[in-house]
Amino acid sequence: MDAYLLIVTLLSIVLVIIGVSWFKWHAFISLTVASLFLAVLSGLSWDKIVSAYETGVGGVLGHLVGILALGTILGKMLSESGAGLQIANYFVKVFGEKKLPWAMFFSGFIIGIPVFFEVGILILLPLVISIQKATKKNILLIALPGIAGLSVVHGLVPPHPGAIAAIGIYGADLGKVLLYSLIIALPAGIISGPLFAKFIYKRVMPKGEPSLVTVEQKDPASLPSVGISFLSILLPVVLMIIGTAAPYAGLPGQAEQILAFIGSPLVALLISCFAAYYFLGFRQGMDRDTIKRFTEECILPVGSILLIIGAGGAFKQVLIDSGVGATIGDMSQGLSLSPLLLAFMIAGLIRIATGSATVALTTAAGIVSPIIAGMPDVNLELLVIATGAGSLMFSHVNDAGFWMVKEYLGLTVEETFKTWTVLETVLSFTAFAGVLIVSMFV
């Protein structure tokens, strides 16, 4: 039965790839067909198939729909006003073209610490496209380092939800996890970001162009100031940092709750949109009708990506409800492996099966925790990071991040596999290598 479940899962993933690439179906259709195919063949009862699909869609879109819409509006204002181009010109001037991949990596790394991966992509994207327009370089050379910076902190560094959950399950020390994760995440991110980007951009030339956010060249005199441009792009990050730090500031309960509310991604982006409407819109001479038109123009294309991400969430939920995650865990428990390697492997297999780094991290921690309960000398902090490293590997068609990178960078499915999927896998294994190296000293 276990082997049958794994074979059916593999076939359903192949069906998604064939549907998108061979039959030219929209990814939403391919993912929906694959979800129903997997649900029926895995033996999920008829009355649970549709509810699993709806639960999966609601689970992923409930968190993302507002964030995606507001982030896209903010990106549109950054691009239409020329703020993104102003920042791009500043980076080109300060760093020089040869150092831009490094500048983008550290931007992604810093922005990614307080925000979800999806939010970070929306903040970075206008900057990436503006720099690409200014330098005429392959967009992969600029985008991939920033995405690597976002991804590595999402998978390894608290306060991201997966890492926090694993810390609680294992009973690890938050401060030590934060310290070790930063030591491990930086070199892993550099290898999978700037260094990998310099390798792959010569071998993959994207056939398409980013279409959800477009940036036009403008007269430098008409652009907003550098300070206003940076304020517009960093305001949501600053608000989210304040929200994250609020519980540790020792403030009265009501004040802490208000700051946490303002710092939530949805509210922080909403505030930032209104700030952009004023600083990048009205102050740049736009009227209300123009701003409304820009908002409507950028929201319409979001419908497609929301459908894709929702269907990906449905596929993930069917994978979970059909018992694939539990099957992988049961098969792995019988192996005689070191706790660090066991956690890495189980998280990796669940990530491949379910498509969610957070689900992989928390599920693997729940599986490994009772296994290591009787083992002496297990470094719980490194175990958290090893589990997080496994949860990043081989992002593919059941991962919302795969489709976000594909759609926002204008890549084909094949190009996304060659770039994003390989990046995530390199990141996963280099982070685990870092865990093994650090384990020799602590």
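User: What makes H5 and H9 count as being in contact?

Analyst: Contact means heavy atoms within 4.5 Å, and by that rule Pro101, Trp102, Phe105, Phe106 and Phe109 in H5 meet residues of H9, among them Leu182, Ala185, Leu186 and Lys198. This is a predicted model, in which local features need pLDDT of at least 70, side-chain atom pairs count only at pLDDT 80 or more, and totals for chains, interfaces and linings use all residues. Residues are numbered from 1 along each chain as its sequence is written, and side-chain values use heavy atoms, with hydrogens and water left out.

User: Why is H5 called oblique to H9?

Analyst: The axes of helix H5 (residues 100-112) and helix H9 (residues 174-200) come within 10 Å and cross at roughly 140°. Angles under 35 degrees count as roughly parallel, over 145 as roughly antiparallel, 65 to 115 as roughly perpendicular and the rest as oblique, so H5 is oblique to H9. The crossing is also right-handed.

User: Which classes of residue make up the contact of H5 with H9?

Analyst: The contact has eleven nonpolar, one polar and one charged residues.

User: How many residues line the largest pocket, and which helix gives the largest share?

Analyst: There are 31 lining residues, and the closest to the centre of the pocket are Glu118, Lys316, Ser356, Thr358 and Ala400. H3 gives the largest share, with six residues, and about 510 Å³ of space lies in this pocket.

Methods: 1 Å grid on protein atoms, 1.4 Å probe; cavity = no way out; pocket = protein on both sides within 12 Å on 5 of 7 lines; lining within 4 Å. Points joined across faces, edges and corners; volume = space filled by probe spheres on them. Helix = DSSP H or I, 4+ residues; strand = E, 2+ residues; numbered from the N terminus. Axes fitted to C-alpha atoms, helices over the stretch in contact; angles between N-to-C directions. Left-handed = near helix turned anticlockwise from the far one by under 90°. Nonpolar A, V, L, I, M, F, W, Y, C, P; charged D, E, K, R; others polar.
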